[in-house]
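Thanks for coming, everyone. I have one model to walk through. Please bring it up on your screens.

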Amino acid sequence: MPELKTKLKEYRAKLDMKQGDLAEKVSVRRETIIRLEKGQYNPSLKLAMDIAKVFGVSVEDVFSFEDEKS
């Protein structure tokens with residue numbers, strides 16, 4: 001099964017944005033952002049789109065799937 005990869009932390013760093021700041025902008029809890037960054041949570045399409053919009057990029061720039069290595 002493919003694994004979700006995220007560049008969320010990199011994009012936040014570029015804007016000097018804290019997890020709580022991003023969470024507030026997309027109306028989720030900070031814990032959700034933490035779990036996204038750790039790969040413990042797959043975002044809904046709406047959340048992925050909202051996050052990408054904050055950074056002014058496409059969803060594919062922030063999130064991608066990678067095949068797991070056996």
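Let me start with a question: by about how much are Asp50 and Lys46 separated in helix α4? About one helical turn, because Asp50 and Lys46 are 4 residues apart in that helix. Helices here are DSSP runs of H or I with at least four residues, strands are E runs of at least two, and both are numbered from the N terminus.

Some ground rules. This is a predicted model, where local features need pLDDT of at least 70, side-chain atom pairs count only at pLDDT 80 or more, and totals for chains, interfaces and linings use all residues. Residues are numbered from 1 along each chain as its sequence is written, and side-chain values use heavy atoms, with hydrogens and water left out.

Back to that pair. Asp50 and Lys46 form a salt bridge, with the closest N and O atoms 2.7 Å apart. By salt bridge I mean a side-chain nitrogen of Lys or Arg within 4 Å of a carboxyl oxygen of Asp or Glu. Asp50 is partly exposed at 24% relative accessibility. Lys46 is exposed, at 58%. The cut-offs: buried is under 20% relative accessible area, exposed is over 50%, partly exposed is in between, using a 1.4 Å probe and protein chains only.

The whole structure has 4 salt bridges. Another one joins Glu31 and Arg29, at 3.4 Å from N to O. Glu31 is partly exposed, with a relative accessible area of 40%. Arg29 is exposed, at 58%.

Now Arg12 and Glu37. Their salt bridge has its closest N and O atoms 2.5 Å apart. Arg12 sits in helix α1 and Glu37 in helix α3, so this pair ties together parts that are 25 residues apart in sequence. Buried or exposed? Both Arg12 and Glu37 are buried.

Next, the overall fold. The chain has 5 helices and 2 strands. Along the sequence the pattern reads β-α-α-α-α-α-β. The radius of gyration is 12 Å, close to the 11 Å that the globule rule gives for 70 residues, so the chain is as compact as a globular protein of that length. That radius is taken over C-alpha atoms, and the rule is 2.2 Å times the number of residues to the power 0.38. The C-alpha atoms fill a box of roughly 35 × 25 × 20 Å along the principal axes. Of the 70 residues, 31% count as buried.

On to the core. The largest nonpolar core has 16 residues, and Leu8, Ile51, Phe55 and Val62 touch the most other members. The elements giving two or more residues to this core are α1 (8-14), α2 (19-25), α3 (30-37) and α4 (45-55). Helix α4 supplies the largest share, 5 residues. For the record, a nonpolar core is a set of buried Ala, Val, Leu, Ile, Met, Phe, Trp, Tyr and Cys residues joined through side-chain atoms within 4.5 Å.

What does Ile51 contact, leaving aside neighbours within four places in sequence? Leu8, Val26, Leu36, Val62 and Phe63. Contact means heavy atoms within 4.5 Å.

Last stop: Ala52, also in helix α4. Ala52 is buried, with a relative accessible area of 1%. Not counting residues up to four places away in sequence, Ala52 touches Val57, Ser58, Val59 and Val62. Asn42 is 10 residues from Ala52 in sequence and 14 Å away in space, C-alpha to C-alpha.

That's my tour. Over to you.
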